Amino acid sequence: MISPKGKRAINFFIVYSILVALVIICLFPVYFIFIGSVNPGSSLHSSQIFPSPADWNWGHYKALFAEHDYLTWYKNTMFIAISNMLISTTFGVFSGYAFSKFRFAGKKQGLMAIIILQMFPTIMGMIAIYTLLGAFGLLDTHLGYILVLAAGSVAFNTWIVKGFFDGIPNSLMEAARIDGASNTDIFVKVMLPLATPIIAFVAFNSFIGASMDFIMAEVILRSSSNWTLAQGLFTLVSGQANNNFTVFAAGAVLISVPLMVLFFVFQRFIVEGLTAGAEKG
Amino acid sequence: MSTNLESQASHKDKSHSKIAALLSVLFMGLGQIYNKQYWKGISWALFELIILIFFIKPIMSGLHGLITLGETPQVRQRGRIVDPGDHSILLMAEGLMLLIVLIAIVGLYYLSVRDAYLVGKMREQGQRIMNFKESVRNIWDNGYAYILITPTAICMILLTVFPLVFTALIAFTNFSSPNYLPPRALVDWVGIEQFVRLFTMESWRGTFLGVFSWTVIWAISSTLIVVFAGLFVAVVLSQKVVKYTKFWRNIYIIPWAVPGFVSILIFRNMYNGQFGVINDMLRSVGLNPIPWLSDPTWAKVAVLMTNLWLGFPFWMALFTAVLTTISKELYEAAEVDGATIVQQFRNITFPIVMVAAVPLMVFTFAFNFNQLTFIYLMTEGGPMNANYNYAGHTDILLSWIFKMTLDNGQYAIASAVALVVFLLIAGFAYFNLRNTKSMKGEA
């Protein structure tokens with residue numbers, strides 16, 4: 001028979017070994033990519049897991065800018081992600097507000113269409129998008145890509161924003177209307193300030209979604225000067241030999257750090273937004 | 001002219017609405033003019049005139065192109081193009097767009113007739129009719145919602161609806177490499193031939209069924225594994241012995257914070273059969289290296305494990321939030337009754353957290369079903385499967401479609417598969433939405 005004290009000790013031991021094991025599992029890939037980026041060698045084959053700090057080689061970061069188009073990819077990605085964020089957040093907030101707070105013919109059908117369309121990945125219409133962009137001369141341009149991305153995320157944004165406004169009582173609107181406020185006044189001065197958290201979530205989501213996308217970029221952006229980071233980094237490691245592994249690692253670190261900071265800043269909005277969105281659905 | 005109409009109308013006051021509607025059917029705006037809304041009437045009439053003058057011809061030729069998909073093939077002599085010929089796919093896209101325009105025009109036509117009818121009805125009942133200025137104001141007020149929706153609607157019609165319809169149409173043609181590639185050759189409508197091929201030809205049917213079943217297995221197991229791992233971690237974190245919960249939680253959330261494509265590519269390298277760090281470790285403890293990404297079964301395991309790493313933090317965060325809402329007294333009461341930890345978990349924790357989790361699990365399932373970025377970045381569908389047409393062992397339906405389209409030019413049959421996926425998703429969506437509160441609650 002084990003004493004209660006011994007039992008507690010065992011419990012303590014088990015729980016903490018699980019916690020520590022999880023920390024190792026969670027952090028190892030992160031450590032691996034960081035150490036990869038400062039490894040003396042250049043290929044995956046020659047990279048060591050525990051090189052001595054004296055051998056750390058920061059040259060791969062320089063190589064990114066000197067030998068590869070990293071800066072161009074970075075700029076492209078940021079430009080695309082920010083444009084997509086602005087467009088799809090604006091459109092999504094407009095239509096989400098309209099679907100939540102107005103009665104109009106076709107509202108139910110419109111909502112149904114949005115929910116269903118939101119489930120289809122843009123990639124299913126790939127051939128058409130390719131043809132369409134080609135016909136308008138938008139293939140291999142950032143404008144074409146941004147439009148496709150925005151169209152892909154606007155339905156989800158509408159849905160989330162609608163769910164948020166549903167929770168705001170209509171009496172607020174009516175009170176403002178009695179005071180003689182116009183539709184635009186109500187929208188801009190009363191509703192938008194209330195919606196800041198959900199706008200932050202939607203904007204963050206659109207930004208991340210666009211900077212993470214790989215597949216549509218691969219379809220639309222063909223020339224390497226137009227590539228996004230996802231495409232550029234993929235080509236660095238897609239071969240069998242992985243001769244550029246350390247450079248890839250350096251590139252991965254440079255994009256991950258700002259995005260991780262952003263994630264931790266927005267963390268509260270993200271968990272709330274995601275759960276709220278799904279519960280409404 | 002208008003005085004003439006007016007005197008006529010005053011004789012039979014009762015049928016303003018019908019006359020106005022009929023006149024509007026004859027030509028847009030006539031009904032409005034009859035209703036003495038001159039400016040409005042003239043605007044409508046101008047609109048129809050513009051359409052008649054500028055749009056009739058393109059619409060007719062567009063529809064013709066859509067039906068025939070081009071008639072003159074390209075003519076070449078000694079390698080030089082003599083006659084460029086018709087480009088079937090461009091004709092189809094053009095035709096489809098003009099068809100959408102036509103539908104929009106018919107819709108507007110209906111609106112103009114309805115407007116004339118309603119205003120006529122108001123006149124019958126002796127109500128005052130709005131003048132032009134008031135009408136414009138009225139549109140601005142009542143149409144506010146439509147104005148807000150317009151950008152989204154245009155975006156989605158052009159880049160979501162149009163592509164889906166287009167894909168559906170392509171599934172009924174023979175558009176494919178190497179024999180039916182415009183502009184060198186014409187494409188034809190072939191009815192359901194692609195579907196017949198997909199479901200009766202041995203190689204296609206085998207590929208479809210194989211890829212389809214892996215897609216379903218992947219979507220279900222990736223969801224379940226991630227959810228239960230998240231729950232497990234959340235429960236461990238909620239143990240009384242754990243100090244600094246927030247610290248641990250923030251570490252465990254890191255996999256979520258790392259950009260997705262970066263972590264997928266990292267894992268791709270870690271699993272590398274020859275040089276990967278995982279096999280290095282196995283070798284250093286004296287085990288045989290595992291052919292992670294080159295063996296079909298291990299590749300699937302690797303894909304699922306990577307997804308576990310990426311996906312569990314979200315569920316942990318969610319479940320941690322839910323667990324804090326469960327009252328401590330429930331557990332204390334259970335302890336007094338002598339319930340073990342396992343019993344407490346099964347009878348108290350599990351039912352409560354699942355209520356919160358199920359709707360999100362459905363979403364995750366649908367998301368994973370379409371998660372081709374993940375599969376493509378991780379394995380590119382590999383390892384190769386000799387029995388499959390254009391697919392590898394870890395390909396899901398969407399990555400198969402993607403490869404057939406982008407790498408192999410099998411547009412028609414890829415579209416047929418896409419159409420099948422479309423029906424599957426639509427069915428799933430319908431089934432799923434039938435019971436949601438937000439659709440029921442809305443008027």
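Mentor: Let us start where the chains meet, keeping in mind that this is a predicted model. The contact takes in 75 residues of chain B and 72 residues of chain A. On the side of chain B that touches chain A, helix α7 (residues 144–170) of chain B gives the most, with 17 residues.

Trainee: Which kinds of residue make up the side of chain B that touches chain A?

Mentor: That side divides into 58 nonpolar, 14 polar and three charged residues.

Trainee: What makes a group of residues a nonpolar core?

Mentor: Its members must be buried residues of the listed nonpolar kinds, joined through C-beta atoms within 7 Å. The largest such core here has 142 residues, and L265(B) and V417(B) are those with the most contacts inside it. Helix α6 (residues 142–166) of chain A gives the most to this core, with 15 residues.

Trainee: Which residues is L265(B) in contact with, once its neighbours within four places in sequence are left aside?

Mentor: L265(B) is then in contact with L233(A), F234(A), V237(A) and A252(A) of chain A, and with L377(B) of chain B.

Trainee: Turning to chain A, what is its secondary structure?

Mentor: Chain A comes to twelve helices and zero strands.

Trainee: Why is chain A called more spread out than a compact globule?

Mentor: The globule rule gives 19 Å for 281 residues, whereas the radius of gyration of chain A is 24 Å, which is well over that value, so the chain is described as more spread out than a compact globule. Along its principal axes, the C-alpha trace of chain A spans about 70 × 70 × 30 Å, and 44% of the 281 residues of chain A count as buried.

Trainee: Why does I59(B) count as partly exposed?

Mentor: A residue needs 20 or more other C-beta atoms within 10 Å to be buried, and 12 or fewer to be exposed. I59(B) has 17 C-beta neighbours inside 10 Å, and therefore counts as partly exposed. I59(B) is found in helix α4 (residues 38–68) of chain B, and, leaving aside its neighbours within four places in sequence, it is in contact with L98(B), V101(B) and L102(B).

Trainee: How far apart are the C-alpha atoms of I59(B) and I290(B)?

Mentor: They are separated by 61 Å, and the two residues are 231 residues apart along the chain.

Key: Residues numbered from 1 in each chain as written. Chains lettered and ligands numbered in written order. Predicted model: local features only at pLDDT ≥ 70, side-chain atom pairs only at ≥ 80, totals over all residues. Contact = placed C-beta atoms within 7 Å. Helix = DSSP H or I, 4+ residues; strand = E, 2+ residues; numbered from the N terminus. Nonpolar A, V, L, I, M, F, W, Y, C, P; charged D, E, K, R; others polar. Rg over C-alpha atoms; globule rule 2.2 N^0.38 Å.
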